[in-house]
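Student: Hi! Could you help me learn how to read a protein model?
Tutor: Happy to; let's look at it together.

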Amino acid sequence: MATANDDEILEGFLCPICKADLKSASQLTSHFESLHSEEQDVLRSLKEIFGKAKKIILNNDDSDLKETFDRALKFSYQEHRYLDEEQSIGVSRSSTDYLKGVRSARLERYATETNKLLIRLDKLVCNMPSDPNQRKLHEQEVVPWLDGSSVKLCPNCAKTFNLTRRKHHCRLCGSILCHDCSLFLDINVARAIVDPSVAQTSNPPDHETSEKNGLRLCEHCYNLIELRKQVQESRNAKTVLVTAYEQMRSLMDKARPDVVMYEKMCQSLFDGETTYNLTDVNKMRGRIGKLAEGIDLLSKQIIAFPAEPGTRQARLQTAIRQAAAHYIKEDLLSLRKLPTEAQIEEVRRQRYERAEKQIQMERERMERQRDRMEEMAGPSVSRVESNQDDDDNPLLEQMNIIREYIKEARKEMKFEEVAILETNLKELKKEYQLQKLCNKS
Amino acid sequence: MNVIQAVKLYITRMTEESGPGMKVILMDKETTSIVSMVFSQSEILQKEVYLFERIDSHSKWDNMKHMKCIVFVRPTSENISLLSRELRYPKYGVYFIYFSNVISKADIKTLAECDEQETVREVQEVFADYLAVDRHLFSFNIVGCLQGRSWNPHHLQRCAQGLLALLLSVKRRAVVRYEAASEPCARLAERVRDLLRREAVLIDNNIPFNGEIPTPQLLIIDRRDDPVTPLLNQWTYQAMVHELLTINNNRVSLAHLPDVHKDFKEVVLSSEQDEFYAKNLYSNFGEIGQTMKSLMDEFQKKAKSHQKVESIADMKNFVETYPLFKKMSGTVTKHVTVVGELSASVTRHNLLEVSELEQEIACQSDHSKHLQRLKNLLSNEAVRHHDAAKLVALYALRYEKHASNALPSLIEALKTRGVPEHLVKAVVNLLEYGGAHARQSDLFGLQDAVKITKRLFKGLSGVENIYTQHTPLLKDTLEDLIKGKLRENLYPTLGGDDGAYGRRPQDIFVFIVGGATYEEAQCVHQINQTYPGVRIVLGGTTIHNSTSFFEEVKAAMQGVHRTHTRHIRNV
Ligand SMILES: [Zn+2]
Ligand SMILES: [Zn+2]
Ligand SMILES: [Zn+2]
């Protein structure tokens, strides 16, 4: 195995985007500049990290400088203790129910009418004959046209009907109107409205809708149908952008607990605990790196979706990318540096020594106590060293089972579980030692 | 009673209530400021809010049905009609609407009628209706709240609504007290009381009556009772920055400085986002210089450079030539830039000398000496016209009734000096605004025997720091209030004294009609530290420096006949 120090350097020179191993900081930086040039934010933070990494390698640490800063900037929370009360959110009042009440009373009227129109629309577009005359008959069969013989003026614009201004009928309500007052609903659009499973043509048709490819409607009917269409569209607004975005967010949701776990594992290492080992923590770091990579990729996809510059859509895409880059930089790339194998050894050794000392003291104390008791009780039976065979001790068996479990959990990177099992194991060990101690005395 | 926290909690909930998804926040001019005071843009971005739109912008319609829209606006009639239009032709998929104050049923009905596409999911009133400047400081950003000595009706309404919102946002009931001699204070107090009554049910349902502690008090006082504090040069960091560079919604523009780095054309000074600032906003100018110097020394040791860092100019130089420093902390660089500019102003305009005289006029009593030094300073060309006018105004207030008052000749001196007309007028306006006739308190301690002796001692024994002798009148008022000694005849309780008087309030809201100052904010901060259990929140129609205060006074005196300064004929 390489030394811990080599490990450090190697890890530092992996490209965080494509994971290529570039062997040196300068090579990686130039790789990054040429292949991932749009990554300015990440690049900058990388350079900073390398600036520091190099110093660590050259044993030219600036950490006490950093400490001075932290000290100077440290906020003394004590100063604000008077405001530290637990503060709950202030008063608010909802009028949502009232609004919905007013709204539904109003929309109910529309709803019945819209439903009637939709049923008619469905009948109209279903099996519509292509022959114009046949089509006219079909239309009149679905919606009887008003008798217009006594109508002299267009009811909408009040202009006189004559040879050039002829009478027409709305295909949905049958009412009379002139051509200027007519609106046309594209037949394909109409089909999509009555049957949402038909592929959505959310973009308006590029050709002008006319009598031939559309349904002649009065303004009132047209508006009701249009409204219906918009409600439908907003419910089906799941675009590629939304899909990519949701994927990106789900990666972020995964990364969040991982980062917390990583911090916990790292701290545990620094504390000299044996719950996790360096490989565990490195794996965790790798997993977070993978997630960062995924988030980065998706957010780059998002910013690359076509959008006219300056529009809301373009600003949205830029902002999503910006937020993702910020998140990666602040939360995922700024993970705490791992201790080296040697550092861990040292902390563990110190911890072990402390524990040893404590046990030693405890033992001495007990011995003194026993001596005193023996003195009082006078000479007694000599102590028998019970060194009975331990192999079939159920505690030992239990411990072995748990060790297996830990191995499993570790393989699957279920570090929460590892922590719990390790605690169990520790308790069993304690129990076992206690037992032995009791047996001795 | 942390007002920043109160606003943050509301906004955070807005972003959460709409669930996951891409969001846009639609705001008006005022709510934009309200939000920007407590959150930075990157913080908001992390809450999935990607677009910030103004409800009054006329940009083109877009289909953005894949976004959720959080609307956060003040409940004005203009906003209701803009929002109606938005709902009739909705750009976004769903709408979560939050009004920053009470909204009428009729307005909600209007919105309901426009919502034909059923895009509205929530309509709520939340009470984040003030600018949270600091944890214990708020403002409504109104300069010139009085016009011709009485309230501009819009501003009166705005302040009353804002104070109602303040109480609801921190969940406090309060009795309302006001400065008896001030008509505007009485009007505002009544208006607030009316609003509180109208919302009695809301209050009863949400704010449990707490008999354990004395009823919180809302005290409304008038800037006219202490026109001196906003005139003084300041030496604590925040107050000094505001006086010399002007803080606007936590932002300071440095664009006017020659060769300022592009990152620092506008800097954000927010105690929530900037730890250095949070720690040092009440530090003395000298202390900050010291802190920075020790930081710099540390670097220097590292750099093994032989450069000496002695002055602030050296520091600036040093920072510019030490890139690591820049990298390590943009924050400190920012403050070095700001402090550097402050320091330059102090030297350029003789501010030490100016400030010393200001403090002595405000705190001591020696007419002939003060007059002589004032005349000397007026003939010093390094002193700005603005400071010259301020000094004369201070003199005018302090020695208004003095037998040998020399104001007309001082005004003559200002004119000879070439001080612009509006500044000369400002002196007289100020005397009309806050002269002895307008004050109910003993601002200069001329009647109180204790104060007279105290001042005498100061004069005899010298003072610890000649630049910080002055304490604002507010300090005495608040200490009286805390001790239950604030006199009911001078500061009556609306609806009569129901036993609250004499009890020592712990939760106090104090609002200054005519604007508060950062010096007063610091004073409140100190009182909060000194008196255990006491929590005071300070607010003002705005937060003044001397420049904006002159504007305030000008507006208040617009069209008012001079009645107390008629003897000054040379203006
Ligand atoms: Zn790469
Ligand atoms: Zn017509
Ligand atoms: Zn029709």
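Student: What percentage of the 571 residues in chain B do buried residues make up?
Tutor: Before the answer, a word on the source: this is a predicted model, in which local features need pLDDT of at least 70, side-chain atom pairs count only at pLDDT 80 or more, and totals for chains, interfaces and linings use all residues. Residues are numbered from 1 along each chain as its sequence is written, chains are lettered from A and ligands numbered from 1 in the order in which they are written, and side-chain values use heavy atoms, with hydrogens and water left out. Buried means under 20% relative accessible area, exposed over 50%, and partly exposed in between (1.4 Å probe, protein chains only). In chain B, 60% of the 571 residues are buried.

Student: Which protein atoms are the donors of the zinc ion (ligand 2)?
Tutor: Donors are N, O and S atoms within 2.8 Å of the metal (3.2 Å for Na, K and Ca); water is not among the atoms, so sites may look incomplete. Here they are the SG atoms of Cys154(A), Cys157(A), Cys178(A) and Cys181(A), 2.2 to 2.4 Å from the zinc ion. Their spacing in sequence is C-x2-C-x20-C-x2-C.

Student: What is the geometry of the site of the zinc ion (ligand 2)?
Tutor: Ideal angles for four tetrahedral donors are 109.5 degrees. Four donors count as tetrahedral if all angles lie between 85 and 135 degrees. This site is tetrahedral, with angles of 102 to 116° among its four donor atoms.

Student: Is Cys181(A) buried or exposed?
Tutor: Cys181(A) counts as buried because its relative accessibility is 12%. Cys157(A), at 28%, counts as partly exposed.

Student: In what order do the six strands of the open sheet come?
Tutor: Strands of a sheet pair through backbone hydrogen bonds, either parallel or antiparallel. Strands (E, at least two residues) and helices (H or I, at least four) are DSSP runs, numbered from the N terminus, and two strands pair if DSSP finds at least two bridges between them. The order here is β1(A)-β5(B)-β4(B)-β3(B)-β1(B)-β2(B), with mixed pairing. β1 (92-94) of chain A and β2 (49-54) of chain B stand at the edges with a single partner strand each, so one side of each has no neighbour in the sheet.

Student: How many bridges join β1(A) and β5 of chain B?
Tutor: Three, and the two strands pair in the antiparallel sense. Ser94(A) stands opposite Gln124(B) in β5(B).

Technical notes. Tetrahedral: all angles 85-135°; square planar, octahedral: opposite > 155°, others 65-115°.
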